[in-house]
Amino acid sequence: MRRFLDSVGQVLQAMLTHKLRSILTMFGIAWGVGSLLLLVGLGEGFRSGNRRNLSTIGDNIMFIYGGRVPAVGRSQLSSRFYHLTYQDYLDIRSSPLVSNATPVIFRGDLRLVSEYGGANGYVDGAEPQFKGIRYMPIDQGRYLNWEDESQRRSVCVIGSEFVRTLFPGRPAVGSTVLINGRRFEVIGTIKKVGHGNNNNQNARLIMPFSTMSTYFPLKGEGNAEAITYVNFQPIVRGRHAEAKQAARNIVARNHGFAPETPDAFDDWDSVATAELVGKISDAMDAFLGAVGLVTLALGAIGVINIMLVSVTERTREIGLRKALGATNRSILFQFFMEGLLLTGVSGLFGLAVAYGFTKLFELLPPMDGFDLPHIYPGAAFTAIGSLALAGIIAGLYPARQAAMLQPVEALRQE
């Protein structure tokens, strides 16, 4: 132990003797470690943020809307519009490739008024299985059930933004809200979804589909039986493309056009979007990781150069120590400890700086589609370990060469 402490003391003395060299070495290591950790954290923040955004909509969600059937030759003059109907929903739900589905009537032009305020927002009419398809965690009260649907009850569930604007500081459940002058009872509230300015999912009201179709059908001549879109889920995630094509085939058959008709469908597949975002995230991770590795490599090169110069300049010191009885093992151990201390301390310093920057990010306003970067232990271990290995090898190799010299030869070195 005493020999070990003596070696550590000699290492610290050598580092203090060459302050500028030691500081430059430690700066290069800290820069490489901190840059790599921040870049990896930013890439993973993008990935997790987009994954979280999609999860606030629901798992494996697919949408199909009404659309326009282009005419032959893609002339816009003779193209025709079509709206989905309840029969389209029934046919899509009965497809063997679909596990669950619901019809939705959506209106964004309805006025909501309570005793304490008014608001405009999204009003959906949907059947009770809507909650099993879309992500709607209930905060207070209950969700719509089949009795509400079958009896066309004037009840509704509202999002957190409507709770804030319509019932500020007051209980919403059991209260009354007027929708275009018609009285509805609030039977439940939905927890806040997402963060930041993402109010699309929070400024919403949901009522039974039967009630919506009776009192607030889609506007326009001939749209009394129309629905806005059908939400559905594939039987399994891996068959989402087949489920999407099956829904298209049903809609094309029901509305009298070929399913191969270009631009005739307006739909969205969240599974395909998630896969695309995953590919973009992988590309970002590869790019940011490559930039981080280049920075790390530059730091390693700097460490290697400085350690090589350090050992070369201290060849006379090695010869003097050997003349005084030092063994090759003790000389190599000193340089091993020097490389380990330099890389270890500066690597931990780079880790601390990167962690500090992640805390600074928390002071910024939340951004949709982006989570705060975090320090990943695996990346930290890899960065510090690789630089420590480079520094130790760069110090031990020339130190061994110098230690193999005869003391007289080592003392002759300039």
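The model is predicted, so local features need pLDDT of at least 70, side-chain atom pairs count only at pLDDT 80 or more, and totals for chains, interfaces and linings use all residues. Residues are numbered from 1 along each chain as its sequence is written, and side-chain values use heavy atoms, without hydrogens and water.

The chain holds 13 helices and 16 strands. These are DSSP runs numbered from the N terminus: helices are H or I with at least four residues, strands are E with at least two. Of its 414 residues, 46% are buried (under 20% relative accessible area; exposed is over 50%, partly exposed in between; 1.4 Å probe, protein chains only). The accessible surface is about 21,200 Å² (Shrake-Rupley method, 1.4 Å probe; for residues, only the protein chains shown count as cover). Carbon and sulfur atoms supply 60% of that surface. Among contacts (heavy atoms within 4.5 Å) with a separation of 6 or more, 77% join residues 24 or more positions apart.

Turn to helix α8, residues 240–254. Its 15 residues should span 21 Å at 1.5 Å a residue, and the end C-alpha atoms are 21 Å apart, which agrees. The expected span is 1.5 Å times one less than the number of residues. Buried in α8 are His240, Ala243, Ala246, Ala247, Ile250, Val251 and Ala252. An α-helix has 3.6 residues a turn, so residues three or four places apart point the same way. Gly256 follows α8 with a positive phi, near 75°.

Now find Ile392 in helix α12, residues 377–403. Ile392 counts as buried because its relative accessibility is 11%. Leaving out residues up to four places away in sequence, Ile392 touches Phe336, Gly339 and Leu340. Gly339 is 53 residues from Ile392 along the chain, yet their C-alpha atoms are separated by 4.8 Å.
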